[in-house]
Amino acid sequence: MSHCAVAADVPAVPTTRMTATDPTAERPGFTELGLRPELLAALTELGYEEPTPIQREAIPPLLEGRDLLGRAATGTGKTAAFALPLLERMTPAAGTGGPGALVLVPTRELAMQVSEAIHRYGRSIGARVLPIYGGQPIGRQLRSLERGADVVVATPGRALDHIGRGTLHLDSIATVVLDEADEMLDMGFAEDIDAILDGTPDGRQTVLFSATMPARINAIAKRHLTDPVRIQIVEERAAAGEAPLVRQSAYVLSRAHKPAALARVLDVEAPAAAIVFCRTRNEVDQLAETLTGRGYRAEALHGGLSQEGRDRVMQRLRSGTADLLVATDVAARGLDIDQLTHVVNYDVPSAPESYVHRIGRVGRAGREGVAITLAEPREHRLLKNIERVTGQRIQIQKVPTIADLRARRLEMMRATLREAILEEGLDRFRVVVETLADEFDVMEVALAAVKLAHDATGGPVDEVDIPEVAAPRPERPPRDRPDAGGRGKPRAARGRGPSGPTTRVFVGAGRSAGVRPQDLVGAVTGESQLTGRDVGAIEIFDRFSLVEVPVPAADDVIAALRGSTIKGRKVTIRRERDTSG
Ligand code: AMP
């Protein structure tokens with residue numbers, strides 16, 4: 001094993017490192033992390049069986065009140081890593097006391113997602129969580145803020161807006177979390193973040209999570225974090241000889257299509273015995289049920305089962321009565337199943353070492369095993385990380401189409417018929433064929449027999465289309481490099497930008513106000529539902545700028561931008577055609 005520690009150019013700070021551990025070793029559970037019973041109960045209800053590595057490392061120092069600088073991408077469980085300690089440390093205030101925690105996130109989607117997650121974790125202690133983001137009517141947010149919130153999850157632009165209006169007070173803030181900090185910087189929120197942090201009390205706790213640690217993140221950390229605990233993954237690279245012989249592939253698709261996609265992949269792969277890993281107990285139960293409903297012989301295995309139940313499941317798998325095991329990592333720890341041919345990750349595992357342990361269950365004794373991972377587009381970065389750690393490629397594949405499935409079924413039918421022909425004992429059917437042959441061609445008789453056999457095996461359950469989802473841009477996009485002088489280069493020329501009809505939005509600030517393309521992308525994506533990909537050409541003139549956006553989103557973008565600031569200033573926003581008049 002060779003270590004490849006992530007380089008750190010932050011001042012000498014204590015470093016916690018996560019190392020690969022023995023899969024069968026006892027690891028601290030949530031109980032040992034020092035969380036109160038209500039929060040533990042919420043986690044049990046969600047079906048979380050054990051902390052993810054980032055949670056195991058981050059929760060104790062955060063509970064002590066330490067600042068933290070964590071390198072973690074979406075999918076590692078980082079939301080709970082910062083949310084649980086801030087809920088543990090909080091005394092939800094009744095009435096209209098100011099919020100105790102402020103979580104800053106780059107986009108509206110993330111604001112909603114993070115706030116839902118914190119709500120789920122904190123419901124049991126009555127925590128009031130409020131998302132505030134651009135694009136939502138400000139009046140509704142004003143009323144909610146007035147009613148009082150314990151945790152505010154906000155995009156920086158909208159947070160500053162409320163601070164400026166005096167509707168979001170920072171004096172009660174005990175913890176600030178910067179989530180996906182690198183994304184926020186990329187979107188041009190650096191100054192906003194500085195301004196917000198400067199307005200919070202000096203003694204606050206500051207937590208920064210970022211998927212990458214460029215110098216700019218370290219600069220923010222230096223400025224705003226005090227003696228932070230630094231958490232990063234020490235990547236253990238499997239030596240070439242140790243790497244199991246496993247064909248590894250991944251399918252990138254939206255969550256909603258995962259069950260159907262998994263069914264198709266299983267149909268095409270036809271595993272002799274497979275284990276499907278899920279993150280939570282609840283997911284295990286649901287998926288086992290769904291797969292059973294689709295005609296697979298699936299068994300659920302998780303920490304909630306009694307030893308007897310566990311034994312029964314294992315027995316079914318070993319005897320071949322079941323061919324799919326749906327399990328959590330905890331439940332599958334220490335299991336040794338010889339017949340396993342396939343490992344399926346229903347989600348990308350939260351840490352590369354967990355991926356390595358999982359796929360190590362197949363490809364034993366020189367046999368080729370298969371590892372299949374279903375990833376959501378936002379989990380693409382985790383896949384890359386795994387590739388880096390294992391030093392092996394994960395092939396991104398297309399979900400089999402209905403046509404692929406049909407072809408595969410016919411292929412299997414052909415193989416089955418061939419076997420039947422080679423076997424003895426067909427004579428008793430001869431009379432049927434001979435009688436029909438008087439009336440029909442033998443070929444037609446054969447075709448009808450094949451059809452009946454084919455129909456009897458049942459067709460694919462789902463005939464729905466599973467749309468292909470593009471894997472997101474491989475690494476940091478070039479969008480944030482300020483264009484050198486003159487008019488901003490149209491971004492669409494770089495093969496990005498919206499696909500449908502577009503219109504241009506006039507923004508009354510330009511080069512002389514220091515506006516850069518990233519400020520505009522940041523403002524648009526931070527304050528509306530659009531993502532960076534939806535924003536088209538950006539042109540920056542001396543006194544104004546033009547931003548190309550999809551026609552259907554234009555009104556929303558204009559309304560959102562009017563409610564926010566560009567480079568800290570309110571500016572005129574309108575449709576471009578108005579400028580010609
Ligand atoms: P995040 O990285 O915070 O976006 O979390 C990724 C996913 O992992 C979310 O769906 C969480 O609900 C889930 N998750 C977080 N912590 C755990 C855990 N300890 N066990 C199982 N699932 C978890």
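The model is predicted; local features require pLDDT of at least 70 and side-chain atom pairs pLDDT 80 or more, whereas totals for chains, interfaces and linings use all residues. Residues are numbered from 1 along each chain as its sequence is written, and side-chain values use heavy atoms, without hydrogens and water.

An open sheet is formed by 4 strands in the order 19-20-18-21, with antiparallel pairing. Strands are DSSP runs of E of at least two residues and helices runs of H or I of at least four, numbered from the N terminus; two strands pair if DSSP finds at least two bridges between them. Strand 19 (538-540) and strand 21 (573-575) stand at the edges with a single partner strand each, so one side of each lacks a neighbour in the sheet. Neighbouring strands are turned by 25 degrees against each other on average, direction ignored. Strand 18 (502-507) pairs with strand 21 in the antiparallel sense over 3 bridges, and F506 stands opposite R574 in strand 21.

Helix 20 (554-562) packs on the sheet, touching strand 18, strand 20 and strand 21, and its direction makes about 165 degrees with that of strand 21. Contact denotes heavy atoms within 4.5 Å; axes are lines fitted to C-alpha atoms, for helices over the stretch in contact, with angles from 0 to 180 degrees between N-to-C directions. Helix 19 (517-527) lies across strand 18, strand 19 and strand 20 (545-550), at about 130 degrees to strand 19.

E180, not a glycine, has a positive phi of about 50 degrees and lies in the loop between strand 7 (175-178) and helix 7 (181-186).
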